[in-house]
Amino acid sequence: MKTMFARAGLALLLTAAIALPASAHRTWMLPSATVLSGDDPWVTVDAAVSNDLFYFDHVPLRLDGLTVTAPDGSEAKAENAATGKYRSTFDLHLDKPGTYKIALASSGLMAMYEENGKMKRWRGTAETFAKEVPADAKNLRVIDSQRRLETFVTSGKPSDTALKPTGKGLELVPVTHPNDLVAGEAATFKLQLDGKPASDMEVSVVPGGKRYRDDLKDIKVKTGKDGSFSVTWPEAGMYWISASYEDEKTVQKPANKRMANYTATLEVLPQ
Amino acid sequence: MRVLVPVTLSGLIASPALAAEMAVTVEIPQLSVAEYHRPYVALWVERPDQSVAANLAVWYDVKMRDNEGTKWLKDMRQWWRRIGRDLTMPVDGVSGPTRAPGEHRVTFVPGQNGVPKLDPGSYVLVVEAAREVGGRELLRIPFEWPAAKPAQGTAKGEAELGRIALDVTP
């Protein structure tokens, strides 16, 4: 069961990474609410891949690698998970006050090489690489990839414990709390790569609701020396923010390319 | 139907003649809609920098089973962000049931009956209303505290609130 899940996750990873440069498909999670009051709140979350935000019209996003961090740092359980034609969905019972981090993360190696004149694709880990990929593979390209997709929900007062980054791959470190975003106000975040400031990176900010307007209305911002960037939200709504990193210098064998991607869905409320 | 509800507990006990007080009149409009629920209403006092000086009153479904009426407190967005999310409801002297359409006058004596004391300076009274299957509206009335002589400020709502008046007496 576990291997099957792992394989499905890597399959997605591979498709996503290979498709990335050519396709504008966006991966996302969409929570039903991010700011909640009351004694017994629940949220339901959709996960999908599509062009326009946030509409289910392409493929569901598999939930392998889903981790929910509760306000006390413990792991919370997603309930009623299901995958349909266009979207996956799950529920989350917010049984503790504070902020939850919902993350879909995947990492692994992808290889492309020629064998008997045919293009081969492989995915796995550094351990399985040596066993499964021929040592004399021709035109071998190996990508070490980490992808992380996040969203945040808060019951009552926003808290910080669940927001702590893992230190692996590309991650967002909030300066402004991600569940305290208001139209017309500026919010600041920091991007990290493996726990260190990710400077001079482009962050793309795209508002949802694309079906009902012509312009994408996206905002591009650059991170500073300390990895920080600020966004002043033009209006209330759900936003998709994303950044990608790649390089061929700091890679670890057997990879010859490193790719990391971070994406989050953030809700901005009206004043 | 009650049109004028006599002052809440916090008000009447202290005699207005003895202490400087603020009297707030909130008009909840009569709406002809298919599904009507009384609005949730919050009254608070903020400083010019929008920090909170006093959380005066929150009218919501206090009697619902399992405290379920608290589920919609967040719909009073500003109140929730500035005050509500830091509290455990109900709060004595602040929580109260929703009110029917009509004018409601409530008085507060800063420094008494749990209402925080206000240092001399400029303040803003904020009234926010949010109605189930309806809209949300927020009104502000600036005032000086303490008042040198009786003063009145008013604001007029367009949807979820009617006329709001603040009478400050020395």
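Across all chains, the structure holds 21 salt bridges. One of them joins the side chains of Asp86(B) and Lys157(A), with 3.3 Å from N to O. This pair crosses between chains: Asp86(B) sits in the loop between α2 and β5 (95-97) of chain B, and Lys157(A) in the loop between β11 (138-155) and β12 (170-174) of chain A. Such pairs make sense in simple terms, because side chains of opposite charge can pair when their charged atoms come close.

For chain A, the mean pLDDT is 91, and 91% of the residues reach 70 or more. A stretch that falls below 50 covers residues 1-22 of chain A, and in the model this stretch has 26 contacts beyond near neighbours in sequence. Chain B also has a mean pLDDT of 91, with 89% of its residues reaching 70 or more. Here, residues 4-16 of chain B stay under 50, and the model gives them 19 contacts beyond four places in sequence. A word of care applies to such stretches: where pLDDT is low, the predicted coordinates should not be read in detail.

How do the two chains meet? The contact takes 15 residues from chain A and 14 residues from chain B. The size of an interface is often given as the accessible area lost when the parts come together. By that account, chain A and chain B bury about 1,200 Å² between them, and carbon and sulfur atoms carry 42% of this area. On the chain A side, the residues that lose the most area to chain B are Ser37(A), Asp39(A) and Gln271(A), which together make up 39% of what that side buries. Between chain A and chain B, the count of salt bridges is 4. Among salt bridges in the model is the one that Asp180(A) forms with Arg85(B), where the closest N and O atoms are 3.2 Å apart.

The structure holds 1 cavity of 30 Å³ or more, and the largest cavity has a volume of about 140 Å³. Sorted by class, the lining comprises 6 nonpolar, 3 polar and 5 charged residues.

Conventions. Residues numbered from 1 in each chain as written. Chains lettered and ligands numbered in written order. Predicted model: local features only at pLDDT ≥ 70, side-chain atom pairs only at ≥ 80, totals over all residues. Heavy atoms only, no water. pLDDT = per-residue confidence, 0-100. Contact = heavy atoms within 4.5 Å. 1 Å grid on protein atoms, 1.4 Å probe; cavity = no way out; pocket = protein on both sides within 12 Å on 5 of 7 lines; lining within 4 Å. Points joined across faces, edges and corners; volume = space filled by probe spheres on them. Nonpolar A, V, L, I, M, F, W, Y, C, P; charged D, E, K, R; others polar. Buried area = accessible area lost by both parts, 1.4 Å probe. Helix = DSSP H or I, 4+ residues; strand = E, 2+ residues; numbered from the N terminus.
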